Amino acid sequence: MTRPRVALFPGSFDPFTNGHLDLARRASVLFDRVVVAVAQNSAKTSLFTPEERVEMIESAIGGIKGASAIHFSGLLVDCAKRIGAQVIIRGLRAVSDFEFEFQMALMNRRLAPNVEIAFLMPSQEFTYLNSTLVKEVARHGGKIRGLVPPLVERRLTERLRQTPRAKAR
Ligand code: PNS
């Protein structure tokens, strides 16, 4: 039996956007399993806990065959080895993403030469989209429908309403 092709799709996902969803769908065409992995980054202040982010991602990727979500702490390459992923997927929206992604890819390759890094381009309609912008728009009462999955839209609106301090993050 051939080994299943497993891709790890990591990120902060605070929160998961329709651009991330688009990439997860694209990855699922290429791999048997796609594991969306939420990084627990203590250096970053997040609006949602890793568990909340995983729950929202699971709801968004429910219809994608072979897709699942986890959270992890520590090095990304260790997470990839733990789950048996041969490939790490990252999205490239524009040239401006490239420099940081290139640095990370080479560092990850140095740490784990057997784990390949693959870049996927999202659909053109999502090239300007990122989690920070979505939060910024939501904070100021702007419309985020169509930019994030429905559960993320609800949770983001609730969070910003319930926690005035979250408005500053
Ligand atoms: O969505 P983001 O914030 O661009 O994702 C960055 C992420 C989570 C992929 C990156 O910070 C990461 O891999 N963190 C885990 C710790 C690690 O392995 N750092 C070394 C990367 S070279």
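Which residues line the largest cavity? The close-up views below take up the ligand shell and then this cavity.

This is a predicted model, in which local features need pLDDT of at least 70 and side-chain atom pairs count only at pLDDT 80 or more, whereas totals for chains, interfaces and linings use all residues. Residues are numbered from 1 along each chain as its sequence is written, and side-chain values use heavy atoms, with hydrogens and water left out.

**View 1. Residues around the ligand.** The shell (residues with a heavy atom within 4 Å of the ligand) includes Gly11, Lys44, Phe72 and Met107. By class, the shell around the ligand divides into 6 nonpolar, 4 polar and 2 charged residues, and its largest share, 3 residues, comes from helix H4 (residues 95-111).

View 2. Polar contacts are pairs of N or O atoms within 3.5 Å. An oxygen atom of the ligand lies 2.5 Å from a side-chain N or O atom of serine 12, while a backbone N or O atom of leucine 76 is 2.8 Å from a ligand oxygen, and a polar side-chain atom of arginine 90 is 2.9 Å from an oxygen atom of the ligand.

**View 3. The largest cavity.** The largest cavity, with about 40 Å³ of space, is lined by Leu76, Ile88, Arg90, Glu101, Met104, Ala105, Asn108 and Ile117. A cavity is a set of points on a 1 Å grid over the protein atoms alone where a 1.4 Å probe fits but cannot get out, and lining residues have an atom within 4 Å of a point. H4 gives the most to this lining, with 4 residues.

Terms used:
A polar contact is a pair of N or O atoms within 3.5 Å; within protein, one must be able to donate a hydrogen and the other to accept it, and residues adjacent in sequence count only if both atoms are side-chain atoms. Helices (H or I, at least four residues) and strands (E, at least two) are DSSP runs, numbered from the N terminus. Ala, Val, Leu, Ile, Met, Phe, Trp, Tyr, Cys and Pro count as nonpolar, Asp, Glu, Lys and Arg as charged, and the others, Gly among them, as polar. On a 1 Å grid over the protein atoms alone, a cavity is a set of points where a 1.4 Å probe fits but cannot get out, and a pocket is an open set with protein on both sides within 12 Å along at least five of seven lines; lining residues have an atom within 4 Å of a point. Grid points are joined across faces, edges and corners, and a volume is the space filled by probe spheres set on the points.
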